[in-house]
Amino acid sequence: MTAATGVGVYLVTDGALADRHGTGVLGVVRAAVHAGVRIVQVRDKDASARDLLALTAAVAGAVGDRATVVVDDRLDVALAARHAGHRVAGVHLGQSDVPVTAARALLGPEAHVGLTANTLAHLAAAERLPRGTVDLLGVGVVHPTATKADHPPALGHDGFARLAAATDLPCVAIGGVTLDDVLPLRVAGAAGVAVVSGICAAADPGSAAAAYVAAWGGASGLGPDHGAGAGRSAGAVSGLPSDATRHEADA
């Protein structure tokens, strides 16, 4: 993957939303990856470690080498999945989870380690880490969202832009991201958009994912000089397939 590659559309799973139309998490993931999504975060805040491991293994099996699979919060589950031979790239951690330095040490240099960062203090702490510790930052919420009840105050496009401009790490925008947000967020310096309900809750998740992928692809014609953080958004991200430059995500 080259330095000019971004993240694109980043799917975050939600079992309850995926079941709304009877599609299920695996159905949503298959449809989204077929539509061009190239990174999938397996998230289930209520699942036991055993159940999350089973879901992660199933998602990894469903997408094969067509997309990067990471586990939300649970380093233990990511490690167990990798130990069992499943194609799981790594983990995305929150501020209250195990330190990213521990995740990097246990997962190794080629794995994917993401980190949620919602404030300038979070960004400053991430910048102080040894280079290569964190591959990308999840920055939000952009808008209030029902998929994360305890979310911090919404940033909006301008707030996201200020944070993206304050770091050299690729920033993925998350939180209530709609199709109308894709272009403004790319201009604001997003390396990608993370999407939860916009794809998981859709009656046709494949079409919904394709619309996000197309919106990001259209926004990609802006060039590297647009947006406060646009130059930073193009950095390589560990674990993404080599064709990830064509695709990016929301939540």
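1. Helix 4 meets helix 5 through Leu-75, Leu-79 and Arg-82 on the helix 4 side and Ala-103, Leu-106 and Leu-107 on the helix 5 side. Contact here is heavy atoms within 4.5 Å. Helices are DSSP runs of H or I, at least four residues, and strands are runs of E, at least two, numbered from the N terminus. The contact residues divide into five nonpolar, no polar and one charged. Nonpolar covers Ala, Val, Leu, Ile, Met, Phe, Trp, Tyr, Cys and Pro; charged covers Asp, Glu, Lys and Arg; the others, Gly among them, are polar.

2. The model is predicted: local features need pLDDT of at least 70, side-chain atom pairs count only at pLDDT 80 or more, and totals for chains, interfaces and linings use all residues. Residues are numbered from 1 along each chain as its sequence is written, and side-chain values use heavy atoms, with hydrogens and water left out.

3. Helix 4 (residues 75-83) and helix 5 (residues 100-107) pack at about 5°, axes 11 Å apart. Helix 4 is therefore roughly parallel to helix 5 (angles under 35 degrees). Axes are lines fitted to C-alpha atoms over the stretch in contact, and angles run from 0 to 180 degrees between N-to-C directions.

4. Helix 8 (residues 179-187) and helix 10 (residues 205-219) pack at about 30°, axes 9 Å apart. Helix 8 contributes Leu-179, Val-182, Leu-183 and Arg-186; helix 10 contributes Ala-211, Tyr-212, Ala-215, Trp-216 and Ala-219. That contact divides into eight nonpolar, no polar and one charged.

5. Check two backbone spots. Gly-140 and Val-141 are joined by a cis peptide bond, omega about 10°. Asp-73, not a glycine, has a positive phi of about 70°. Asp-73 sits in the loop between strand 3 (68-72) and helix 4.

Conventions
Parallel < 35°, antiparallel > 145°, perpendicular 65-115°, else oblique.
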